[in-house]
Amino acid sequence: MAKLSVPLVGFLLLGLLAITVQAGDEYMKYKDPSQPFNKRIGDLMQRMTVEEKIGQMVQIDRVNATPEIMMDYGIGSLLSGGGSAPWPQATPQDWIDMVNGFQKGSLSSRLGIPMIYGIDAVHGHNNVYKATIFPHNIGLGATRDPELVKRIGAATALEVRATGINYVFAPCIAVCRDPRWGRCYESYSEDPKIVKEMTEIINGLQGKLPKNSRKGVPHVGGKDKVVACAKHFVGDGGTTKGINENNTVIDRHGLLSIHMPAYYDSIIKGVSTIMVSYSSWNGVKMHANHDLITNFLKGTLRFRGFVISDWQGIDKITYPMHENYTYSVLAAVQAGIDMVMVPFNYTEFIDTLTSLVKNNFIPMSRIDDAVRRILRVKFELGLFENPMADQSFVHHLGSQAHRDLAREAVRKSLVLLKNGENADDPVLPLPKKATRILVAGSHAHDLGYQCGGWTVSWQGLSGNNLTAGTTILQGIKEAVDPSTEVVFKENPDADFVKSNDFSYAIVVVGEPPYAETYGDSLNLTMPKQGEYTMYNVCANVKCVLVLVSGRPLLIMPHLENVDAFIAAWLPGSEGQGVADILFGDYGFTGKLPRNWFKTVDQLPMNVGDPHYDPLYPLGFGLTTEPVKSTN
């Protein structure tokens, strides 16, 4: 055999190494964007260990994460819970730096699988300082304008992308059947048809599904879009007495005809994820409901995105909470939940699920189904090609264009329920030119109150320093004639009102902010101070009542003193929208998204009920024409 020279051997070895590397690159199909998603997913999954697959099924809160944890455990997702920010008044760049830091940890793992970052952007990018805060869903339901809601979805997606985040826990498509529920303002309507129409927001958040797309397959239409999440599956708005996380007692036909229709439409629109409800259906916890999650949602409806739990949702399968955690993990994963929101005890979850799999209590096929769904959404999002934040969206946060859109939404959401004693003598629109007018009430000059819960913090805040925006009082001052004196007194007494010769008064009162269980109310009354203010003012001068609330409140005893009555819901950061309509720059067009009860003893009460006798029915709303400006 002839001997080979050393240089020749070296050359051959280098060539062989180059071929090997090239072949290795070629073999890693999951990194090749030209390959179909299914092949990329299959290639990646065959490389993953059981531990790496389970890691993808975990979502933890950012406060418990580090880049090292992301790398070591292969965590699939992070989230910011309500109010969970890098620090108070964090800028978009602060958010981007934080998200990118965690993402670098994920990309440093053995297979470099990027994480997806979720946040509750339920009325705009509401956790973020100076973001545009849109009206809560109950107000958007009053607009009856799906195209407007789609534009709000697109604006929200841009503001979320401005902070480097790519996944939102929205929209809430609950059908609130009882206003005593503390999340009723997150529901577009008591009417499933209206809620169904408002799923158009998904096309704004994710982008419109291309023609001829397979139904049920998740879709994200570009770098300016985000992954959406329809929630909370299913029946969350139908619980007994409106008690949060309680039991929804209804037959299967009722569940499918009232609470399910918006999910049909969301899936047709390509929604990428669906969040499970804390509540139960006829005594069975939704987080453990195999029939509805696996058989119906994934089977009958052919949903191909991933199903995510709510915050510590699997812990609440048992009572007391977390009492039998092994059972809870087993029940939730076997029910069909793919990604589990375990904000705190992620190592316990990982260890428990790993043990259940290795001891054959949960088949590997169930884990593979979950991971395949999670990876499909990540590939559809383009996360493997573009895992880091795109800095070019920063200027969209709180942009003037988005604030103008929010102001439009406020105008269209206001519902006029009373306008003088008869149609021949309307109070509204108000004259801009008057000698002296009074603005009163706890909600007239409080940005936190008019934004409500889920604003900067989970439960919401009071005051004008929490974010950027315009209060209703500021909007009024801007709208009136320069010669009109505007007097603001939050809680005037009757003598003050009588002695100041006001042309008219605008009283803005309502509920303090709340979210979820803390908002559950069995009496639905406003704070006593609001009632006193309303009486002191409206009994002594012509007055317009603007009610800022997340739902109808007990108002019948006070109506006789009020000359005009407006339901303003929770309008968000752009209070000028209220003034736009008070003074006739635009006309009233909003319609009630739910009926307005006379007494709480009537509740629950919905269209079609034998005892349906509301003060104002679903769909009621007086209209006015804009006042033509004169030069």
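Q: How do the residues of the lining of the largest cavity divide into nonpolar, polar and charged?
A: In this predicted model, the lining of the largest cavity divides into 12 nonpolar residues and 5 polar ones, with no charged residue.

Q: What volume are we talking about, and which residues are closest to the centre?
A: The largest cavity holds about 110 Å³ of space, and 17 residues line it, those closest to its centre being Ala121, Val122, His123, Gly124 and Ile201.

Q: Which elements give two or more residues to that lining?
A: Those elements are α6 (137-143), α7 (146-161) and α9 (201-206), and the largest share, 3 residues, comes from α7.

Q: How many cavities of 30 Å³ or more does the structure hold?
A: The structure holds 2 of them, and the second largest cavity has a volume of about 70 Å³.

Q: And what lines the second largest cavity?
A: Its lining consists of Trp181, Arg183, His232, Asp236, Asn244, Glu245, Ser277, Tyr278, Ser279 and Asp310, which divide into 2 nonpolar, 4 polar and 4 charged residues.

Q: OK, pockets now: how much space lies in the largest pocket, and which residues lie nearest its centre?
A: About 380 Å³ of space lies in the largest pocket, and of the 22 residues that line this pocket, Tyr278, Trp311, Trp454, Trp458 and Glu516 lie nearest its centre. Tyr278 is also among the residues that line the second largest cavity.

Q: How does the pocket lining divide by residue class?
A: The lining of the largest pocket is made up of 9 nonpolar, 6 polar and 7 charged residues.

Q: Switching to the sheet of 6 strands, what is the strand order?
A: This is an open sheet with mixed pairing, and its strands run in the order β12-β17-β16-β15-β13-β14.

Q: Why is one side of β12 and of β14 left without a neighbour in the sheet?
A: Both β12 (415-419) and β14 (485-489) stand at the edges and have a single partner strand each, so on one side each of them has no neighbour in the sheet. On average, neighbouring strands of this sheet are turned by 20° against each other, direction ignored.

Q: In which sense do β13 and β15 pair, parallel or antiparallel?
A: Strand β13 (residues 436-440) pairs with strand β15 (residues 504-510) in the parallel sense, over 4 bridges, and Leu438 stands opposite Ala505 in β15.

Q: Which helix packs on the sheet there?
A: Helix α20 (residues 528-538) packs on the sheet and touches β13, β15 and β16 (543-548), with its direction making about 170° with that of β15.

Methods: Residues are numbered from 1 along each chain as its sequence is written. This is a predicted model: local features need pLDDT of at least 70, side-chain atom pairs count only at pLDDT 80 or more; totals for chains, interfaces and linings use all residues. Side-chain values use heavy atoms; hydrogens and water are left out. On a 1 Å grid over the protein atoms alone, a cavity is a set of points where a 1.4 Å probe fits but cannot get out, and a pocket is an open set with protein on both sides within 12 Å along at least five of seven lines; lining residues have an atom within 4 Å of a point. Grid points are joined across faces, edges and corners, and a volume is the space filled by probe spheres set on the points. Ala, Val, Leu, Ile, Met, Phe, Trp, Tyr, Cys and Pro count as nonpolar, Asp, Glu, Lys and Arg as charged, and the others, Gly among them, as polar. Two strands pair if DSSP finds at least two bridges between them. Axes are lines fitted to C-alpha atoms, for helices over the stretch in contact, and angles run from 0 to 180 degrees between N-to-C directions. Contact means heavy atoms within 4.5 Å.
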